[in-house]
Amino acid sequence: MSGALTLQLTLLLPLLVMAGIALCRRHPDLRDGVTLIGASVQLVLMLHLYQGFMSGDNASVIWFELLPGLSLSFVLEPLGVLFALIIGFLWLITSLYAIGYMRGNKESDQTRFYLLFALAITAALGIAFSANLFTLFVFYELLTLSTFPLVTHKGSEKAMKAGRVYLGILLFTSVGLLLPAIIWTWMLTGTTDFASAGILAEHLDGPLVTVLALMFLLGIGKAAVMPVHRWLPAAMVAPTPVSALLHAVAVVKAGVFCVIKVVVYVFGLELLQQAPGSEILLYLAAFTVVSASVVALKQDNLKRRLAFSTIGQLSYVVLGAMILAPISILGASLHIAAHAFGKITLFFAAGSIYTATKKTEISQLNGIGHQMPITMAAFTIGSLSMIGLPPAVGFISKWYLLMGAIEAEQQLAVAVILLSTLLNAAYFVPVIYAAYFKPADVLPAVRKESPPVMVTALGITAAMTLLLFAFPNRLFELAEQIRLVAALS
Amino acid sequence: MNLLAQYNYWVVIILMMLGFYIVISHGNLVKKLMGLGIFQTSVFILYISMGNVEGATAPILAEGYQSFSSPLPHVLILTAIVVGIATTAVGLALVMRIREAYGTVEEDEIQTIDNAASVTQAEVVPLEPHPVAEDEPKRKVGNKDS
Amino acid sequence: MMAEVLSLVSAVLILAGCGCCLIGALGMLRFPDFYTRMHAAGITDTMGSGLLLIGLILQPESHWLVIAKLCFILIFIPLTSPTAAHALAKAARKGGLAPLLGPQGSERSRPSPPEQEESNG
Amino acid sequence: MIEFVINVVLLSFLVLLALTIARTKDLLSSVMLCGLYSLVSAVFFVTMDAVDVAFTEAAVGAGISSLLMLAAMMVTSRYEKANSIQPKAALVVVFLTGVLLFYGLIDMPMFGDPNTPVQQQVSSHYIEESMEEIGIPNMVTSVLASYRSYDTFGETVVIFTAGIGVLALLGGRGAGIRKPSSPAASRSAFPDHLILRVISKLLIPPIMLFALYVQFHGDYGPGGGFQAGVIFAAAIALYAMVFGFERARKRFPLPVIRFVSAVGVLLYGSVGMVSILNGHAFLDYHALSANALSGQHLGIFLVELGVGITVTSVMILLFFTFSERAMQSGGQE
Amino acid sequence: MLAHLPVLQVIVPLMAAPTCLLLKPTRLLWLFCVMVSGLAFGISLLLISQVIASGPIVYELGGWQAPWGIEYRIDALNAFLLVLVSGVGTLVLWSAQYSIERELPKDRQLYFYIAYLLCMAGLMGILATGDAFNVFVFLEISSLATYTLVGLGKDRRALWASYQYLIMGTIGATFILIGIGLIYMMTGTLNMQDLAQRLPEVAHTRTLFTAFAFFIVGVCLKLAVFPLHLWLPNAYAYAPSVVTAFLAATATKVALYVMLRFVFDIYGVSFSFEHLPLQKIHLVLGLAGIFAGSVIAIYQTNVKRLLAYSSVAQIGYMILGFSLASEQGLVATLLHMFNHGLIKGALFLALAAVVYRIGSAELSQFKGLGKRMPLTMAAIVVAGLSLIGVPLTVGFISKWYLVVALLEQGWWPVVGLVLLSSMLALIYVWRIVEVAYFQQPDGEVVREEVPLGFLLPIWILVFANVYLGIDTRFTVGIAEMAAQSLFGVQS
């Protein structure tokens with residue numbers, strides 16, 4: 001099966017799944033079955049794609065050309081494959097978890113949920129494989145629109161308000177900044193295709209480069225760089241699987257992914273390094289990292305704290321990209337994966353706590369570790385990864401980020417990374433401490449885990465977090481290629 | 001140049017202004033239509049005047065005449081007159097219906113009625129089928145209203 | 001010779017016709033109420049138009065077809081205008097417009113309907 | 001010189017009338033004045049050598065439109081509201097329009113000048129060639145019915161459209177409340193006018209005759225389908241007014257008239273179709289006969305007939321619908 | 001017969017209209033009308049293919065040569081719009097059957113169909129003709145028919161709206177008549193080609209300037225350019241739903257066509273844009289229209305009104321592209337004329353379906369409609385996205401061209417405004433979607449779609465929206481062809 005074919009299959013499969021779900025919306029079991037099967041098939045496809053790619057088959061497909069130089073087309077490149085793999089893994093696990101969660105909490109409109117979930121997956125994959133800025137933009141918007149109903153799933157007034165914030169910020173930034181940036185690029189270069197050495201090189205220089213870069217960075221609101229981060233905490237009203245989707249799988253990852261992709265394939269490190277004032281981007285990221293962590297400290301609601309931690313973590317990636325050293329790019333892309341698994345574990349944990357005990361505030365979690373050992377164990381692992389301690393994969397990515405920073409002599413970046421690591425520790429450790437060592441409010445603490453599917457799901461992700469630390473080489477090969485590509489420019 | 005010789009264009013312009021003024025300034029719907037009529041008629045005069053030739057005769061060939069006024073403007077205006085009466089007819093029909101529906105033909109009153117209405121009721125088309133008049137062919141016009 | 005006489009006569013008639021029209025108009029303006037004004041109007045479309053028409057007929061160089069047409073008009077006007085006047089008066093009466101002169105002359109009547117402008121145009 | 005004086009007098013009359021119409025609050029008199037206005041402008045057209053136009057303007061402006069206005073007046077109030085005029089903005093707009101026109105006036109070609117483009121370009125062709133190409137003395141008719149016959153077709157359709165429009169708005173059952181039968185409709189406008197009846201009996205036949213004359217004499221003198229149609233309609237309107245709508249309706253049932261109005265348009269159109277079927281252009285009368293001129297004659301005759309039929313029927317339609325509706329809602333109040 | 005296509009295009013519906021009077025049962029009538037308009041659509045397709053194959057087609061009516069007789073002249077520009085008018089017209093008529101039965105008393109339906117055909121024929125006549133005065137005649141046919149159609153609306157406000165439209169429209173038409181008259185006065189001819197040749201001689205005269213001004217103002221009245229748009233919202237809101245669909249899709253486009261024809265073909269770019277401040281005026285008006293329209297639209301509670309105001313805004317886009325006076329800008333305008341026709345056609349038709357079902361276009365009535373009539377609402381959503389200008393829809397294509405054209409001129413700020421305005425569009429479309437999908441209805445909802453015969457045309461239009469948004473060869477090709485010819489004429 002050729003790479004091109006597989007690629008298109010992966011894009012179309014979720015749509016098939018959607019059809020299936022729609023067909024058997026009357027019978028929940030069947031419906032969820034369809035989702036699971038689809039997800040697993042998708043995973044298989046992904047692995048096949050990965051193999052094909054590693055054996056040097058970078059397929060590319062053009063679906064249709066709207067206008068000369070403006071086509072909807074896809075291509076395989078290391079970064080995309082990495083992202084796609086993550087999506088593939090996490091779709092399966094998340095849907096596994098979601099089934100448990102949705103049933104456990106008797107959510108309404110489950111069919112709609114799964115439908116849009118699948119759609120979001122397509123959108124994310126579209127972004128991953130996009131061969132040019134236009135395609136990227138199309139699927140970026142598709143992702144926004146398809147996740148909106150998920151955010152407002154509850155349909156309550158609060159949810160609607162949050163939904164408006166979510167949609168408002170993401171769309172305004174994308175149409176107001178990203179689209180003009182794309183058009184500008186198009187006007188300059190006559191193309192929007194990604195090229196490994198960057199396409200802007202001899203078309204633009206001087207401070208305008210920085211301006212354009214800034215437009216891109218802020219235009220990609222999904223990367224949640226301050227000041228366009230507000231949608232993320234707002235979206236916390238959503239059910240936990242959605243939060244997982246938003247923070248780990250699709251949305252935010254898509255954001256940072258786009259940032260890296262733009263930096264590497266549109267600008268090229270060379271150009272940005274020379275551009276006067278391009279440090280601003282770095283500072284922006286750095287500021288976000290620190291301030292987000294600080295804010296996270298003050299949150300009592302577990303999910304909110306996680307949300308702000310996400311903002312911080314994402315900015316690591318952006319930071320890595322903006323350090324503009326091949327190594328740091330490698331680190332950044334690794335961090336996408338690392339954060340994906342770590343953060344999804346955390347959210348799963350939070351969700352299962354909520355499902356089992358309906359607790360949402362950190363202050364209520366005293367002694368919960370005895371109540372839900374597995375969940376909290378997973379949570380601990382996740383936090384370790386977030387902080388960047390062995391034996392979690394987070395350690396590796398941070399390591400490379402740091403190396404990159406040092407290599408590029410960005411003292412500021414180094415400082416920020418170290419400081420923020422402390423902060424991360426500062427807002428995760430108390431939770432763990434409370435969970436294990438504070439006496440539980442309700443005595444005697446009975447073991448009361450959430451539904452088995454959820455437990456297995458979060459078990460798996462936690463395990464992944466550890467495994468990736470133990471056997472990182474698969475991940476590495478990919479990241480290495482990314483470094484090479486980045487080094488080209 | 002001798003503007004006096006253009007006297008009928010002057011008048012045309014004045015008439016246009018008057019007609020136009022009646023249309024936009026008067027609130028009475030019938031009056032508006034009258035203004036429209038005057039407005040259009042002034043345009044007719046413009047056309048006819050431009051077709052006229054000093055000392056010429058009507059564009060009907062007859063022995064003993066060489067110079068004729070241009071027939072084309074006349075044709076155009078014949079059409080325009082027809083258009084005018086057609087518009088007036090439809091306009092008047094509307095006015096009568098408006099009178100029945102609103103009980104007035106004064107612009108401002110209608111506005112006020114509408115504003116009042118739009119506050120109270122949202123226009124909803126009743127779903128039950130309309131009072132069906134018997135079919136076209138059978139509707140004998142003579143006894144239709146007896 | 002003949003032509004001169006004819007043209008002279010026609011000129012006189014036409015002038016006379018114009019005079020009648022003028023008188024009619026004057027009366028229209030001066031008379032107090034609808035009914036009396038109708039008398040004035042009467043002058044315009046009997047004597048006025050009549051004399052004018054005859055005058056035109058007598059114009060020496062007028063074509064026979066034209067004369068024929070004029071004659072038709074000459075026939076029709078005496079038919080139509082009295083009828084119109086009659087109808088008007090009747091309508092006014094029905095409409096409760098009281099003559100200013102006469103038995104119930106005391107009460108003022110409404111401002112007279114504007115048919116007057118028409119007939120003095 | 002004398003022409004100049006006449007024109008000036010007539011035009012100043014028009015201005016005077018327009019002013020009065022603008023000022024008077026009495027709608028009835030405004031209607032009359034409008035009729036008068038058309039009459040005067042018709043006279044002016046005559047002095048401008050536009051006899052056909054004058055004819056039409058007189059028939060339409062003074063005749064039909066006044067009639068319709070009056071019918072509408074039966075429903076609506078006779079007097080305009082005192083404070084219904086808001087001149088401020090209007091004055092500005094009007095003033096601007098006027099200024100613009102005056103500005104344009106500066107470069108207009110001289111009035112009455114025989115060398116204006118209007119005379120030079122297309123018209124000259126009509127004046128010189130029409131006799132050879134069409135073969136009828138009245139150029140207006142030849143332009144109207146042959147050179148620009150398509151415009152005239154459009155004109156006919158416009159009339160038809162108006163008829164449809166009025167029927168759609170007023171025809172059929174009155175919208176909302178209406179007594180099933182209103183005595184007004186059955187009553188003639190003048191129940192006890194013996195004189196009127198007699199005179200009308202006398203006049204109606206000649207009027208119709210005249211209409212026919214106008215219809216078929218259009219090639220040689222002023223007149224044509226449209227004027228004829230209006231006159232014919234006027235005759236029937238008179239009949240209806242004097243002898244009552246009931247009887248008029250019995251004579252001319254609405255569906256029939258409606259049908260006829262369609263027939264007129266179709267007649268006109270089918271003439272064009274025939275020439276298409278004979279491989280000529282639409283409305284190319286050469287298709288109708290081997291001899292060019294006779295073809296033209298036939299064509300013009302037919303289309304004028306079409307126009308006449310449509311106009312007549314639509315005018316009657318308008319008059320009936322209006323007055324009937326007026327009586328109905330008159331009965332309401 | 002092929003030689004006669006240009007005239008048949010107009011004559012077929014024109015002659016069909018009176019024929020309707022001979023048909024008795026309404027159903028048969030409907031069938032007849034659909035077939036007729038379908039035929040017209042077929043003709044227009046043949047025409048455009050001919051034009052693409054072998055340049056403009058000239059047809060001399062009455063067999064008289066051009067300056068003396070009236071000629072029809074079909075080129076890329078009007079062939080393009082003929083396809084739009086006849087196509088949308090057919091689809092709307094197809095679905096009219098149901099909606100009309102709901103909204104009109106039985107004895108009015110006959111007149112509806114006749115007036116509809118007349119209106120259609122009139123619009124196509126305007127498009128096809130090559131004679132200035134003939135434009136006026138057919139303009140009046142279509143206008144009178146339109147007043148009738150609007151006046152047929154159920155709500156009594158329809159009458160008032162129609163009357164306002166009549167007054168405004170007639171003033172506009174009279175202005176146009178004055179304009180044509182003055183042009184004729186200066187040149188002595190009415191044929192467009194002839195005019196185009198003769199005008200340069202007298203281009204400097206003030207009279208011609210006045211003529212131009214009157215003409216533009218008149219057309220703008222018909223076109224509902226921003227400050228003169230007052231008749232439009234009411235007319236659209238209270239007319240029978242299908243009528244709104246037809247008008248919104250075609251009428252304004254045709255008016256704009258007349259403007260383009262005169263400004264570019266007859267007066268010529270050099271006169272229109274170098275002697276006059278036309279460019280700035282239209283730029284300002286266009287932008288003002290876009291924003292005023294969009295902002296007002298956001299605050300409407302009646303969806304019909306909402307879309308009507310959005311139409312005002314969309315017209316602004318067209319004017320904007322037009323004001324660029326560049327070939328790209330013209331392409332953008334033409335594309336948007338066509339695409340907006342498709343978009344609004346689909347939206348209003350879907351709306352007609354909604355009205356057919358729930359008897360109102362009030363936003364408050366839309367609750368739970370996403371479940372109640374899923375297919376219709378889906379259509380509204382897709383068309384709405386197209387209206388916003390989301391990629392892969394026609395809306396995106398025309399906006400893209402507009403933006404590119406603006407950048408060509410280096411009008412950055414305007415680009416920003418355009419993008420911002422599409423945000424506004426997003427907001428008002430979103431309001432509909434939110435109510436329909438995310439607000440819980442009062443009662444419990446049962447799924448009740450409109451009949452298939454109603455749904456099909458809607459979805460055909462929606463499909464067109466998407467397909468032509470992806471495969472742009474046809475539209476863009478024609479638009480560029482037309483734009484080139486418009487610019488070519490005067491060079």
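**Questions on chains, helices and rings in a predicted model**

Biologist: How do you know that chain A and chain C are not in contact?

Modeller: Contact means heavy atoms within 4.5 Å. No contact joins chain A and chain C, and their closest C-alpha atoms lie 67 Å apart. Chain C and chain E do not touch either, with nearest C-alpha atoms 27 Å apart. Of the 5 pairs of chains in contact, chains B and D share the most contacts.

Biologist: What makes helix 4 of chain E largely enclosed?

Modeller: Buried means under 20% relative accessible area, exposed over 50%, and partly exposed in between (1.4 Å probe, protein chains only). Because 22 of the 23 residues of helix 4 of chain E are buried, the helix is largely enclosed by the rest of the structure.

Biologist: What covers the buried residues of helix 7 of chain A?

Modeller: The buried residues of helix 7 include A:Val209, A:Leu212 and A:Phe216. Their cover includes helix 5 (133-151), helix 6 (157-189) and helix 13 (302-323) of chain A.

Biologist: Why is the pair E:Tyr98 and E:Tyr356 called edge-to-face?

Modeller: Rings of Phe, Tyr and Trp (its six-membered ring) pair if their centres lie within 6.5 Å; planes under 30 degrees apart count as stacked, over 60 as edge-to-face and the rest as tilted. The structure holds 67 aromatic pairs over all chains. In this one the ring centres of E:Tyr98 and E:Tyr356 are 6.4 Å apart and the planes stand at 75°, so the pair is edge-to-face. E:Tyr98 lies in helix 3 (residues 76-103) and E:Tyr356 in helix 14 (residues 327-358) of chain E, so the pair ties together parts 258 residues apart in sequence. Both E:Tyr98 and E:Tyr356 are buried.

Biologist: How do you know that strand 1 and strand 2 of chain A pair?

Modeller: Two strands pair if DSSP finds at least two bridges between them. Strand 1 (residues 60-67) and strand 2 (residues 70-75) of chain A have 6 bridges, in the antiparallel sense. One bridge joins A:Glu65 to A:Ser71. The two strands form a hairpin with 2 residues between them, and A:Gly69 in the turn has a positive phi of about 80°.

Biologist: What is the pattern of chain C along the sequence?

Modeller: Chain C follows the pattern α-α-α-α, with 4 helices and 0 strands. Of its 121 residues, 32% count as buried. An unreviewed UniProt entry lists residues 6-28, 40-58 and 64-85 of chain C as "transmembrane region"; such annotations may be inferred rather than shown by experiment. Residues 6-28 of chain C are 100% helix, with end C-alpha atoms 33 Å apart.

Note on methods:
Residues are numbered from 1 along each chain as its sequence is written. Chains are lettered from A and ligands numbered from 1 in the order in which they are written. This is a predicted model: local features need pLDDT of at least 70, side-chain atom pairs count only at pLDDT 80 or more; totals for chains, interfaces and linings use all residues. Side-chain values use heavy atoms; hydrogens and water are left out.
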